[in-house]
Structures are given as structure tokens and as C-alpha cells.
Amino acid sequence: MDTVDFKEFLNEKNFCFTAQRLAVLNVVAKEENKHLSATEIYEALQEEHQGIGIATVYKTLRMLEQEGLLSKIELLDKTAHYEINDGAIHGHLICSKCGKIIEIRGSRARRSLELLQGDSNFAIQQGSVNLYGICEDCLRLQAYPV
Ligand SMILES: [Zn+2]
Ligand SMILES: [Zn+2]
């Protein structure tokens with residue numbers, strides 16, 4: 001979303017445009033920043049020399065999530081991770097040991113959801129499915145501890 005669209009979006013929702021809000025959104029929008037936690041987003045902003053406090057980061061993330069621009073993924077330890085909400089129904093495999101988040105999208109996500117829907121005649125519009133477990137790397141570490 002570019003600055004003009006973001007300004008309009010905030011306007012419609014009765015929020016003021018601030019450079020800080022835009023900076024938070026832009027950091028989350030970067031592909032390499034997918035699924036970062038609030039603290040990691042804060043650290044990424046510091047690296048970009050954006051003068052922004054952690055409380056503002058938390059508040060902004062909450063607002064952007066409530067307004068539907070971001071979606072939140074909660075790990076088992078309750079830390080929240082964020083991604084841009086592109087409206088696509090998708091799933092996450094979340095490692096409860098190292099916190100890695102593997103994204104499931106496209107036909108794989110669609111096929112799984114069709115199976116879950118079964119014959120309920122329910123038209124899913126949005127949402128995500130989060131499954132918790134242990135990732136390949138952590139499984140290997142368990143089997144062969146260093
Ligand atoms: Zn893991
Ligand atoms: Zn995701």
C-alpha cells in the first residue's frame with residue numbers, strides 16, 4: 001500500500017496519518033520481515049533509524065490489525081507475530097520449540113480447507129489455520145542432540 005492509499009485508509013477510519021504508522025506498516029510489508037514479532041518489528045525500525053518507541057509500535061500494530069491491514073499469528077507462548085492481511089485464506093505450521101512459522105498457501109491450503117469444510121456447505125471467506133508442532137530442524141535435534 002503506498003502513502004496516498006494509506007492516508008486515505010486512515011482517514012476513512014478516522015485515524016490521523018503519521019510517519020510512524022507508515023513506517024510500521026512498511027516494515028511488516030517487507031517480504032524478509034514476514035511473521036516478525038512486535039519486538040522484532042521494533043528492532044527492524046531502529047535499524048532503519050526510525051525514531052519510534054516500543055509502546056507506539058505495539059499500539060500501531062494493534063490498530064492496524066483491528067482495522068484489517070495486518071493479521072496476527074499467536075505462538076503457544078502468546079507472542080504475537082504479524083503479517084500483511086492480503087485476504088488470502090492460508091495456514092501456518094508453527095514450531096513450538098524454535099518458533100519457526102511455515103506458511104501454507106495456494107492449492108495446498110485450498111485442498112486442506114475443502115477437506116475441513118466437508119459437506120457443511122459453508123463458504124469460508126477469510127481466516128487462517130494455525131497448527132502447532134515441531135519443525136524438521138528441531139525434530140532432528142531431538143533425535144541427534146549436538
Ligand atoms: Zn523448530
Ligand atoms: Zn502467514
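Colleague: Which domains does the domain assignment of the protein chain give?

Modeller: This is a predicted model, in which local features need pLDDT of at least 70 and side-chain atom pairs count only at pLDDT 80 or more, while totals for chains, interfaces and linings use all residues. Residues are numbered from 1 along each chain as its sequence is written, chains are lettered from A and ligands numbered from 1 in the order in which they are written, and side-chain values use heavy atoms, with hydrogens and water left out. Domain bounds come from an automatic or database domain assignment. For the protein chain that assignment gives domain 1 (3-83) and domain 2 (88-143).

Colleague: How many residues of domain 2 are in contact with domain 1?

Modeller: The C-alpha centres of the two domains lie 24 Å apart. Contact means heavy atoms within 4.5 Å. On that basis 8 residues of domain 1 touch domain 2, and the number on the side of domain 2 is 10.

Colleague: What area do domain 1 and domain 2 bury between them?

Modeller: Buried area is the accessible area (1.4 Å probe) that two parts lose on being put together, summed over both. Carbon and sulfur atoms carry 67% of it here. The total for domain 1 and domain 2 is about 710 Å².

Colleague: Which side chains meet in a salt bridge at 3.2 Å?

Modeller: A salt bridge is a side-chain nitrogen of Lys or Arg within 4 Å of a carboxyl oxygen of Asp or Glu. Across the interface of domain 1 and domain 2 the rule finds 1. At 3.2 Å, N to O, the pair is Glu 103 and Lys 34.

Colleague: Which elements give two or more residues to the side of domain 1 that touches domain 2?

Modeller: Polar contacts are pairs of N or O atoms within 3.5 Å; within protein, one must be able to donate a hydrogen and the other to accept it, and residues adjacent in sequence count only if both atoms are side-chain atoms. The interface has 6 residue pairs in polar contact, both at pLDDT 80 or more. Strands (E, at least two residues) and helices (H or I, at least four) are DSSP runs, numbered from the N terminus. By that numbering the elements are strand S2 (70-74) and strand S3 (80-84).

Colleague: In what order do the 3 strands of the open sheet lie?

Modeller: Two strands pair if DSSP finds at least two bridges between them. S1 and S3 are joined by 2 bridges, and S2 and S3 by 5. Strand S1 (36-37) and S2 are the edge strands, each pairing on one side only. The pairing is antiparallel, and the order is S1-S3-S2.

Colleague: Which residue in the hairpin of S2 and S3 takes a positive phi?

Modeller: Within this pair of strands, Ser 71 has Glu 83 in S3 as its bridge partner. The hairpin has 5 residues between the strands. The positive phi, near 75°, belongs to Lys 78.

Colleague: And which residue has a positive phi in the turn between S4 and S5?

Modeller: Strand S4 (residues 90-95) and strand S5 (residues 101-104) pair in the antiparallel sense over 4 bridges. Ile 94 has Ile 101 in S5 as its bridge partner. There are 5 residues between the two strands, and the one with a phi of about 80° is Gly 99.

Colleague: How many residues apart are Lys 13 and Glu 67?

Modeller: A search of the whole structure finds 11 salt bridges. One of them joins the side chains of Lys 13 and Glu 67 at 3.8 Å, N to O. Lys 13 is in the loop between helix H1 (3-12) and helix H2 (19-29), and Glu 67 is in the loop between helix H4 (54-66) and S2. The pair links distant parts of the chain, 54 residues apart.
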